[in-house]
Amino acid sequence: MERVMYFLDQKDMPTHWYNVLPDFPEPLPAVLHPGTGQPVTPDDLAPLFPMGLILQEFSPENYIEIPDEVQEIYRTWRPTTLHRAYRLEKALDTPAKIFYKYEGTSQPGSHKPNTAVAQAYYNKEEGIKRIATETGAGQWGSSLAFGCMLFGIELKVYMVKISYHQKPYRRIMMETWGAQCVPSPSLDTNAGRNMLAKDPDSPGSLGMAISEAVEDAATREDTHYSLGSVLNHVLLHQTIIGQEAMKQMEMADCYPDIIVGCIGGGSNFAGMFLPFIRDKITGRKPDLRIVNVEPESCPTLTKGLYAYDFGDVAGMTPLLKMFTLGHEFIPPPVHAGGLRYHGMAPIICHLHKLGLVEAVAVPQVATFEAGVTFARTEGIISAPETNHAIRATIDEALKCKESGESKVILLAHSGHGHFDMAAYESYLSGKLADYEYPEEKVEEALASLPTVPGT
């Protein structure tokens, strides 16, 4: 049997993050100030973020050096391994070659520390002692707790309420690393109290939790805000995944025909495909397919509008041009808490608008069916979010079986599901349900989109 795992030496780990912005065939639409409607400036963002991250958000440079202290921490789990999924291929009886880049070997068990460590570092460099953030499934909250612990920074996490109760061990991870975690909406902020007044039984959403975390940071001089996805600098930090994968695919003497990953805010998958998409933009690999996979219950790219919208429910964030279901949209409580976001990273949205990437939406039960298949072939129990990407990967491999084509499929595997056993129990016992696309509620939420002159 051929070699099934592709390792990089630590000396081969990328020393720079890749910035896609200079390579866009059309510029990314500006981020707008929520008060003036004018493009935001670095000074506008300074109350929330350290200047090191703000400059990355707008950088015209193709490559940005990873600080030595961040590289040193990265080396405690990076480079991560690329696997050839021979057992899955055999089970599917497909001629496709399936590879997956596994990010579950980091201390928190996902891709999120790639940016959490970097964000904690830049905040420390600016003398920040406390950070406020939100988290959906808890992967981001636990990763930032890990990063803040390393740099001696206090952390307050607003965790989407339904996930807070579904995934208690993620909360315990955060607390073990020294963070404080509360369910959102909470009584700790005006935004949270207002939301609870409207709906005391609200399951919460990432948009709600963002409102609380932004308010927390904006009302305290000692606190910055940190976001685990969506923004340009977050996607930038994740590109270490794709750069490693490119070297490992060369080791396997293959180049992907299809790259597949799950999207909620978009950072994990963008981190994988952005280093590859340069080849598509330049025409070197014009037929490369990049498939973004989202839940049918929160179909941002597949059914949302491309418009300026707030990133949070309360309307406190800058306005982003993105595919959105409306900032007031409250997604159903599916187990893939990290994908329950009304919007999407502007970089991914722009690429989708330009026709450079595609998107599909899949139902919850089918994703767990795929996750169990993956576990029973490759041995890895995957996060519910990752199961969405596995579902689409299997679907593409089965298409190859029908056509007889031996395509190369690269899966972005964002993390393990060891804290999601309750979700697997629901699936295995036949209790897991699909959620219909709530079209009426989305239409209501879209009706509240902000009016932006000239757009």
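A crossing of two helices is called left-handed if the near helix is turned anticlockwise from the far one by less than a right angle, and right-handed if clockwise. Keep that in mind, as we'll meet both hands here. What you're looking at is a predicted model, where local features need pLDDT of at least 70, side-chain atom pairs count only at pLDDT 80 or more, and totals for chains, interfaces and linings use all residues. Residues are numbered from 1 along each chain as its sequence is written, and side-chain values use heavy atoms, with hydrogens and water left out.

Let's start with helix H5, residues 113-125. (Helices are DSSP runs of H or I with at least four residues, strands are runs of E with at least two, and both are numbered from the N terminus.) H5 has 13 residues and reaches 18 Å from its first C-alpha to its last, close to the 18 Å expected at 1.5 Å a residue; the expected span is 1.5 Å times one less than the number of residues. Most of H5 is covered, with eleven of its 13 residues buried. Buried means under 20% relative accessible area, exposed means over 50%, and partly exposed is in between, using a 1.4 Å probe and protein chains only. Among the buried residues of H5 are Pro-113, Asn-114, Tyr-121 and Tyr-122. Just after the helix, Gly-127 takes a positive phi of about 80°.

So what covers H5? Two of its neighbours are worth a look. Two packed helices are described by the angle between their axes and the distance between the axes. Here, axes are lines fitted to C-alpha atoms, for helices over the stretch in contact, and angles run from 0 to 180 degrees between N-to-C directions.

Take H11 (residues 232-251) to begin with. The axes of H5 and H11 come within 8 Å and cross at roughly 125°. That makes H5 oblique to H11, given that angles under 35 degrees count as roughly parallel, over 145 as roughly antiparallel, 65 to 115 as roughly perpendicular and the rest as oblique. H5 passes H11 in a right-handed crossing. On the H5 side, Asn-114, Thr-115, Ala-118 and Gln-119 make the contact, and on the H11 side it's His-233, Val-234, His-237, Gln-238, Ile-240 and Ile-241. (Contact means heavy atoms within 4.5 Å.) By class, that gives four nonpolar, six polar and no charged residues. For these classes, Ala, Val, Leu, Ile, Met, Phe, Trp, Tyr, Cys and Pro count as nonpolar, Asp, Glu, Lys and Arg as charged, and the others, Gly among them, as polar.

The other neighbour is H6, residues 139-151, which packs against H5 at an angle of about 40°, with the axes 8 Å apart. That makes H5 oblique to H6, and this crossing is right-handed. The residues that meet include Ala-116, Ala-120 and Lys-124 of H5 and Trp-140, Leu-144 and Phe-151 of H6. The contact divides into eleven nonpolar, four polar and one charged.

Gln-139, Gly-141, Ser-142 and Ala-145 in H6 meet Arg-170, Met-173 and Met-174 in H8. This contact has three nonpolar, three polar and one charged residues.

Now for some loops. Val-230, in the loop between strand E9 (223-226) and H11, has a phi near 75°, a positive value in a residue other than glycine. Asp-253, in the loop between H11 and strand E10 (258-262), also has a positive phi, near 60°. Val-230 is buried, with a relative accessible area of 4%, whereas Asp-253 is exposed at 68%.

Two prolines follow cis peptide bonds. The bond from Arg-78 to Pro-79 is cis, with omega near 0°, and Pro-79 sits in the loop between helix H3 (68-74) and strand E4 (82-84). Ser-184 and Pro-185 are joined by a cis bond with omega about 10°, and Pro-185 lies between strand E8 (180-184) and helix H9 (190-198).

Finally, find Glu-436 in the loop between helix H17 (421-428) and helix H18 (439-446). Glu-436 is exposed, with a relative accessible area of 70%. Glu-436 and Ser-297 are 139 residues apart in sequence and 6.1 Å apart in space, C-alpha to C-alpha.
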